[in-house]
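Me: I would like to learn how to read the surroundings of a ligand and the pairing of aromatic rings in a model; could you take me through both?

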Amino acid sequence: MFSKVLIANRGEIAVRVIRACEELGIATVAVYSELDRDAIHVKRADEAYLLGPGPAPESYLSIDKLLDAIERSGAQAVHPGYGFLAENAVFASALEEHGITFIGPPSSAIEAMGSKTRARELMAEAGVPIVPGTTEPVSSVEEAQKLIEQTIGYPVAVKAAGGGGGKGFRVATSEDKLKEAFEGAAREGEKFFSDPTVYLERYLPDPRHVEVQVLADRHGNVIHLGERDCSVQRRHQKLIEEAPAPAVDEELRARIGKIATEAAAAVGYTGAGTIEGLLVTNEGAEAAEYFFLEMNTRVQVEHCVTEMVTGIDIVKEGIRVAAGQPLSIGQDQVVLRGHAIECRINAEDASRNFVPAPGTITSYREPAGPGVRVDSGVGPGSEITPMYDPMVAKLIVWDVDRQQATSRMLRALGEYEIGGLKTLLPFHETFLQTRQWADAETGRDLIEDRAWLKQLAFPKAEPQPEEAAATLEQSYTVEVSGKRFEVKVIGPPFEGLAVNGATPAAAAPRPLRRSERARTAGGGADGDTLSSPIQGTVLKVAVEQGAPVQEGALIAVIEAMKMENEITAHKSGTVAELPIAVGSSVATGDTLVVISDGAS
Ligand code: MV4
C-alpha cells in the first residue's frame, strides 16, 4: 500500500479522499490555490502545498505545479477526484512517466473513452449497445442532413465528440433547426474541448439516465455495483441521484451490469468508473432498452448512493487496486440493500433560474441522525467563490425503501442550516414533495423545454418588502428533467409550499425558513422588453432590428459561468430595439430586446 498520496482536488471530494486515505493508514497531501488557503481540505490533510492563484489553469489544472508538489512532498500516488484533471490523459501519462501512480484507469482507457466517437466505435465492436447514430464524425450540415434522411431521422441529437455530460449537446426536431443545432454543438465543442467535431445520435424520447458503477483491478476482475438513476437534471447538471434505480429490477440489473463490465473490460479499465446510459422503458412493451452513452473514467459525485446500498467503499477500493491489490469483493458479494438518495447542495438560487449564488457562509449546521451522511467541504466562514463549482455539499440518506428514504431526506433537509447565501435546500424540499418525484417520473421530451426556456429564464419574482410578503404569493418556475414545475411560495397564514397546484405528495409541507421567503429581483419580461436574467457576454445574436420574431425563437446566446444560455423571445412581434451585439457584456436586468406588437 502507498504511504503517501497527493489529492489533486479541492472541496468535498478532496475531503472524501482524505478520509479514505486515513482509514487505509496513508498520509495525505493537499494542494490549494490562493483562494483556498483556509479551505477545509487543506486543514484536514497532513501537509499542503500552494499551487498558485485562484484561476484553475494556474492552480488545480497546472500539471507542472502539481508535479512540483508531488516531488516536494514525496507522494507515491495521486488521486484526482472528479473534475479538473481527473479525465486528463496527458496528466495520467505524465504521472506514469514520472513513476507516480495515478489512482484511476490507465491513460489509454481515459483516451479511448474521452473521444465520444472513438468510444462509440469501440463499444459497438465489443457488442455493447450504443444509441443508433454515427460512430464517425460528421463534417458538415449537408452531410448531417443526408445521414438523417437516409437512416437516423428526426428528432436528432447533435453532440460534440470531445464532449460529455451534456456539454455540446443540441437537439434538432426538423431540418430547419439542424443548422443551428449543428453549429451550436460545434461551437461549444470548440470552446470547451478545443474540438468542433460533432456526431449524431437518434434522439430518444423520454429516456431515464441510468448509470452503472464498475470496479476493476489489475488481476482481470471486473465487477459492477448496480446502478444509479440520475434523471433529475437541469441543463445536464444532475441535482438528485438515487440507488437502486426505480425502473430497474433484478433481471434488468443483471443485463445492464453485464453490458457495463464488458464495456469496461473492452478498454482495459482499472479502478472505479461509471458506464452512463439511457434506459428506454417502452411503456407496456416487454423489454426495456439500454444504450451506452459514455464512460466516466473517474469516481463520480454521486458514487455515495451506491456506497450506501452496497456497503462498499468505492474510493478505498480504487486506492487498493491502484496499489496493485485485488478487489476485496467478488460479484457475488455485492448485495443491494434498501434505498439511497443524494441531493446536491449547490450555492444556487433556484428562484432565479439557478444562478450561482456565491458568498460567505455565515452560519452552518449539518444534519445528523440515523441514515444520514453529509459529504461537504465547507463550514462556518467558508467562502463560496464564483471561481469554482457551486456545489458545496452533498446530503445523502439511506432507508429501507424509496418512500422512507424520501421522508428521511426531507427530515435531514429541514435540519440543514446554511446561512449567508442561497442554496438548493428549499428547492430539494419542494421537489421531493411533488407527485412527480413520488411516482419517479422522468423527463418528458426535452424538445419541449425549448418553448419553456423563456419561462425558465424569467421567473416572476418581484422585490417585495418582507412585511408585505405576509399576504402575498410568490411563484416561480423551475425546470427539471425536462419538466416544468410551478413552485408557489405562500406567505402566512398558510406558510407552506404548494407545487403544481395542489399535488404535494409527502407529508404536510414544512414551515418555510426565513430565507425561503426572501424576495428576489431578476431579469424578466416586462411588456415588450426582455431583460437579461444573467450577467455575461453575448456570443450570438439571432435576430435583426426590424425583423419579425416568433414567441420562443432564439434571440441571443449569452455566456455566463462558462455556460451558454439561450435567450428566447417572450412574445411574437417585431424587433423594435436590439441594444446588444456579439461580444457585448450584459448585466442582470439589462435590456436584450424590445419586441413591439405587429406582424411576425
Ligand atoms: C440524450 C437524450 C436523448 N437522446 N441522447 C446527455 C447527457 C446527459 N446529461 C443526458 N443526456 C441526454 N442524452 C439521446 N440520443 C437525452 C438526454 C437527457 C436526459 C436523459 C435522461 C434523463 C434526463 C435527461 C435530461 C437531459 C438530457
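Reply: What follows takes the ligand and then the aromatic rings. This is a predicted model, in which local features need pLDDT of at least 70 and side-chain atom pairs count only at pLDDT 80 or more, while totals for chains, interfaces and linings use all residues. Residues are numbered from 1 along each chain as its sequence is written, and side-chain values use heavy atoms, with hydrogens and water left out.

Me: Which residues are closest to the ligand?

Reply: A residue is near a molecule if one of its heavy atoms lies within 4 Å of it. Here 17 residues surround the ligand, the closest being Lys159, Glu201, Arg202, Leu204 and Gln233. Domain 2 (132-202) and domain 3 (206-337), with bounds from an automatic or database domain assignment, both contribute to this shell, so the ligand lies between them.

Me: How should I read an aromatic pair?

Reply: A pair of aromatic rings is described by the distance of the centres and the angle of the planes. Rings of Phe, Tyr and Trp (its six-membered ring) pair if their centres lie within 6.5 Å, and planes under 30 degrees apart count as stacked, over 60 as edge-to-face and the rest as tilted. The whole structure holds 9 aromatic pairs. One of them, tyrosine 364 with tyrosine 416, is edge-to-face, at 5.7 Å centre to centre and 70° between the planes.

Me: What is the geometry of phenylalanine 427 and phenylalanine 431?

Reply: Their ring centres are 5.6 Å apart and their planes at 25°, so the pair is stacked. Phe427 and Phe431 also belong to one aromatic cluster with Phe354 and Trp437.
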